[in-house]
Amino acid sequence: MMKRNIYIPYAVFLMIVLLAPMFVKNPYYLGVLVQVGIFSLVTMGLSLLMGYAGQISLGHAAFFGMGAYASAILTGTCHWSPWLAMGAGMLITACVAWFVGTPSLKLKGHYLAMATLGFGLIVNIFFLAEVDLTGGPSGYTFARIPHITFIKWTIKSETSSYYFVWGILLVILLLTLHIIHSRVGRALRSIHADEEAARAMGVNTAQYKVGIFILSGIYASLAGSLYAHYIRFVAPDPFGLMESVLLVTMVIVGGMGSIWGAIAGAALLIILPEALRFFQDYNILIYGAILLFIMLFLPGGIFGGSQMLWLLIRKIPGRRQEAKDG
Amino acid sequence: MLRIQNIRSFYGNLLVLKNLSLHINEGEIVTLIGANGSGKSTLLKSIMGLLPPRQGLIVFQDKDITHLRTEKIVRLGIALVPEGRHIFAPLSVQDNLLLGSYSRYSFRNKSEVMADFDRIFDLFPHLVKKRKQLAGTLSGGEQQMLAIGRALMSRPRILLLDEPSMGLAPIIVEDIFAKITKLRSEEKTTILLVEQNAEMALDISDRGYVLETGKIVFQGPREDLLENAEIKRAYLGK
């Protein structure tokens with residue numbers, strides 16, 4: 001009775017994901033979709049943190065990078081199995097997130113943004129400076145990062161990478177949807193809505209905030225590991241401040257307070273630059289204009305906008321959720 | 001039922017409650033009156049474990065709850081309707097109520113929680129039609145009712161109400177006070193009422209306390225408070 005049906009949109013999405021390679025034959029475009037999948041994993045976690053629990057992080061690219069470097073170093077230098085390295089990466093990230101999150105999540109708003117931004121910078125400097133471990137500015141070049149093997153398949157081609165990454169994403173998505181529509185999800189939203197009242201209800205807000213910070217870090221780390229095995233090269237550049245900002249932008253453009261929005265935002269911000277290639281020199285300009293347009297006219301992001309459209313079609317008054325959530 | 005002994009509570013270094021003591025017997029409605037800044041809300045926060053006192057003792061049903069976590073305190077049967085309502089505006093009425101049952105909600109007792117829904121809607125029939133609406137779109141009176149309903153979802157034995165009349169039209173305040181009386185008579189809920197609207201609050205109470213700058217300066221049965229010249233002048237405007 002309480003649960004809005006989460007399985008119908010999920011099933012539709014599952015079909016789209018499964019069938020997409022039938023229409024996208026060009027391996028380059030398929031590669032773009034793989035990247036969408038990887039980034040969606042990060043934005044899903046970030047959306048839990050931002051849209052649901054109402055906390056900001058400008059350092060999420062650091063978690064993404066920690067997963068990528070953990071996979072690169074543990075498989076390359078230490079010859080671990082990719083799966084073990086992936087798990088270790090998530091464990092390391094979780095510990096770091098706990099260590100960083102416990103003091104910083106006592107801060108609010110701009111101060112939390114500054115603290116996480118500082119954390120992101122420190123991690124990036126670590127990637128740059130620990131040359132013996134990470135390879136420094138030129139990236140990890142000590143060994144080629146191996147392909148990952150799933151049961152008996154080696155994930156090598158674009159098609160197999162696509163199914164591998166999106167398969168993992170679908171599992172995590174289902175898990176995330178269950179979190180959102182449970183007592184935990186309600187507690188998270190209550191923190192966002194009114195932290196003081198949430199505490200009065202007996203919600204342990206400090207614990208929840210740190211918990212969701214750790215979980216979103218683990219998502220990012222997992223995505224980082226997938227990235228490392230897909231691109232097979234890691235360098236500090238894609239894990240810097242700009243990347244953190246890009247991740248936050250994806251969540252906002254997609255629509256805060258919705259996991260579907262997080263995926264839509266990641267898809268838009270990765271596909272758009274590719275789609276605008278033929279404008280050549282002007283593509284950045286048009287890219288910026290489109291983002292500005294979305295923020296001005298769809299304050300609820302892509303998801304909020306489509307929801308508004310749906311409501312207009314169905315003419316249900318009084319449920320303009322996006323106006324409140326945006 | 002609830003006994004508070006010589007508690008001292010601080011905001012940082014600022015001493016707000018200065019050796020405050022009071023008690024509430026089972027089934028009573030007790031009113032606490034006092035001016036702004038006298039420490040009324042601080043007292044409620046101290047009871048709830050949101051601002052644990054540095055000294056003193058809070059005993060609920062013979063159990064020391066002074067330093068328990070809020071979640072435990074809620075589970076033992078104390079619920080707070082915070083000042084200014086503090087409903088979860090972007091959440092639906094239904095989700096607000098479910099959050100009220102947060103401390104005892106689990107997969108197993110789901111049906112029990114659902115039964116409580118009906119209980120709340122019986123008390124506040126106004127909310128039935130609006131259960132799917134966002135709480136922020138309710139009127140002030142409805143929000144107050146929702147805040148009370150939300151607190152009742154934890155099945156409290158004692159309900160702490162912090163200025164339920166704040167910012168509401170007199171006719172709605174009367175309605176809310178009628179519900180509070182009904183709660184006591186039908187659900188046997190004990191009530192601690194903090195109010196600036198002293199006269200109306202005392203009308204439905206058994207006893208009262210007067211709080212001034214963190215200290216209890218007067219206490220007694222309702223009639224004593226209503227007839228005390230000093231209280232009449234300072235709080236009842238007569």
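This report describes a helix contact, a chain interface and a strand sheet in a predicted model.

## Basis of the description

Residues are numbered from 1 along each chain as its sequence is written, while chains are lettered from A and ligands numbered from 1 in the order in which they are written. In this predicted model, local features need pLDDT of at least 70 and side-chain atom pairs count only at pLDDT 80 or more, whereas totals for chains, interfaces and linings use all residues.

## Two packed helices in chain A

Helices (H or I, at least four residues) and strands (E, at least two) are DSSP runs, numbered from the N terminus. Helix α8 (residues 183–193) of chain A packs against helix α10 (residues 205–231) of chain A at an angle of about 110°, and their axes are 10 Å apart. Axes are lines fitted to C-alpha atoms, for helices over the stretch in contact, and angles run from 0 to 180 degrees between N-to-C directions. The angle makes α8(A) roughly perpendicular to α10(A) (65 to 115 degrees).

Residues are in contact if their C-beta atoms, placed from the backbone, lie within 7 Å. Here α8(A) contributes Ala187(A), Leu188(A) and Ile191(A), and α10(A) contributes Thr205(A), Tyr208(A), Lys209(A) and Ile212(A).

## The interface between chains A and B

In the interface, 19 residues of chain A are in contact with 23 residues of chain B. On the side of chain A that touches chain B, α8, α9 (195–200) and α15 (321–325) each supply at least two residues. The largest share, six residues, comes from α8(A).

## The sheet of chain B

Six strands of chain B form an open sheet with mixed pairing, in the order β6-β7-β8-β3-β9-β10. Two strands pair if DSSP finds at least two bridges between them. β6 (78–81) and β10 of chain B stand at the edges with a single partner strand each, so one side of each lacks a neighbour in the sheet. Neighbouring strands are turned by 15° against each other on average, direction ignored.

Strand β9 (residues 207–212) of chain B is largely enclosed by the rest of the structure, because five of its six residues are buried (20 or more other C-beta atoms within 10 Å of a residue's own, with C-beta atoms placed from the backbone). Strand β3 (residues 29–34) of chain B pairs with β9(B) in the parallel sense over five bridges; Leu32(B) stands opposite Tyr209(B), and Gly34(B) stands opposite Leu211(B). With strand β10 (residues 215–221) of chain B, β9(B) pairs in the antiparallel sense over six bridges, and Tyr209(B) stands opposite Gln219(B).

Technical notes
Angles under 35 degrees count as roughly parallel, over 145 as roughly antiparallel, 65 to 115 as roughly perpendicular and the rest as oblique. Two residues are in contact if their C-beta atoms, placed from the backbone, lie within 7 Å. A residue is buried if 20 or more other C-beta atoms lie within 10 Å of its own, exposed if 12 or fewer, and partly exposed in between; C-beta atoms are placed from the backbone.
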